[in-house]
Amino acid sequence: MMRAEASSKSRINLDPRTKMLLCLSVSVTLIAGGTDGVLRYFNYVLSLVPVAFLIGNRKYGSVALYAAVYLAAQGLVILLVPILPPVLNILFTGIIMFSTKLIPGGMMCWFLFSTTTVSEFIAVMDRMHVTKKISVPISVMFRFFPTIKEEYGYVQKAMRMREVGSLRNPIKMLEYRMVSFLMSVVSIGNDLSASALTRGLNAPCPRTNMCRIGFTWRDAVTFLAFLLFFSGYFAVLFLQRSVR
């Protein structure tokens, strides 16, 4: 027990409301914000936010995957812009550049899903007086994606044991792996919905929980850092628009 508490204290444990605010801030700013001049470097800083929190929670595999995908997308843009004609640049390069804005927000959502339990999320939604019509479907999603990943691993191991559906025969791979996987996904959604209802997530009475939900000094530091960041961001944005 002492070892588990020490390991949890060494990680960045934020309140779920802080994590949701981080997801919205990073996603909305990168998608709808400016990219001219100095604002481009602000966007680079926002792209590093998922890396900081994932390293703080010791998710080094996710950091490596995120860095590889993000750097590959940025490298493709740099390589393809001088080579492709204007029409193809608008089509392919534009899609890749837009994906570089989506990747950090998606990784922040993964940080939220991977570091927040269903009980913590439901407790936060109850404190915010959010209706069950919103909180229950989202709580099912918290278990949906990890269960899909686990189920695909089971299907992959079963097909590997039978030596069918390898990359040498992609048609058989689609038939034996993807069809069985998609059938499992349908049943997983129904099972998780039934499990959520069985646990009483939609009960009209107040739900008790054993989760410690509340803002700590880590949340205060995060709020202060983002307040300073967006103060500088909007100041630069205002100066650029006033110059124009």
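Leaving aside its neighbours within four places in sequence, which residues is serine 62 in contact with?

Author: Serine 62 is in contact with Leu54, Met107 and Trp110, once neighbours within four places in sequence are left aside; contact here means heavy atoms within 4.5 Å. Please keep in mind that this is a predicted model, where local features need pLDDT of at least 70, side-chain atom pairs count only at pLDDT 80 or more, and totals for chains, interfaces and linings use all residues. Residues are numbered from 1 along each chain as its sequence is written, and side-chain values use heavy atoms, with hydrogens and water left out.

Serine 62 sits in helix H4. Helices are DSSP runs of H or I with at least four residues, strands are runs of E with at least two, and both are numbered from the N terminus. With a relative accessible area of 16%, serine 62 counts as buried, because buried means under 20%, exposed over 50% and partly exposed in between, using a 1.4 Å probe and protein chains only.

A pocket is an open set of points on a 1 Å grid over the protein atoms alone, with protein on both sides within 12 Å along at least five of seven lines, while a cavity is a set where a 1.4 Å probe fits but cannot get out; lining residues have an atom within 4 Å of a point. Of its 15 lining residues, Arg40, Tyr44, Gln74, Met97 and Thr100 are the closest to the centre. H5 gives the largest share of the lining, 5 residues. By type, the lining divides into 7 nonpolar, 6 polar and 2 charged residues.

Follow H5 (86-115) to its end and you reach threonine 116, in the loop between H5 and helix H6 (118-127). Threonine 116 is buried at 5% relative accessibility. Its side chain reaches the backbone oxygen of leucine 112 at 2.9 Å, and a polar contact of 3.1 Å joins it to the side chain of lysine 19. A polar contact is a pair of N or O atoms within 3.5 Å; within protein, one must be able to donate a hydrogen and the other to accept it, and residues adjacent in sequence count only if both atoms are side-chain atoms. Beyond four places in sequence, threonine 116 touches Pro16, Lys19, Phe121 and Phe142.

Helix H2 (16-32) and helix H9 (217-243) each supply at least two of the lining residues.

Stepping back, the protein has 9 helices and 0 strands. Of its 244 residues, 32% count as buried. Finally, a word on confidence: pLDDT, the predictor's confidence in each residue from 0 to 100, averages 79, and 89% of residues reach 70 or more. Over residues 1-8, pLDDT stays under 50. Where pLDDT is low, the predicted coordinates should not be read in detail.

Methods:
Ala, Val, Leu, Ile, Met, Phe, Trp, Tyr, Cys and Pro count as nonpolar, Asp, Glu, Lys and Arg as charged, and the others, Gly among them, as polar.
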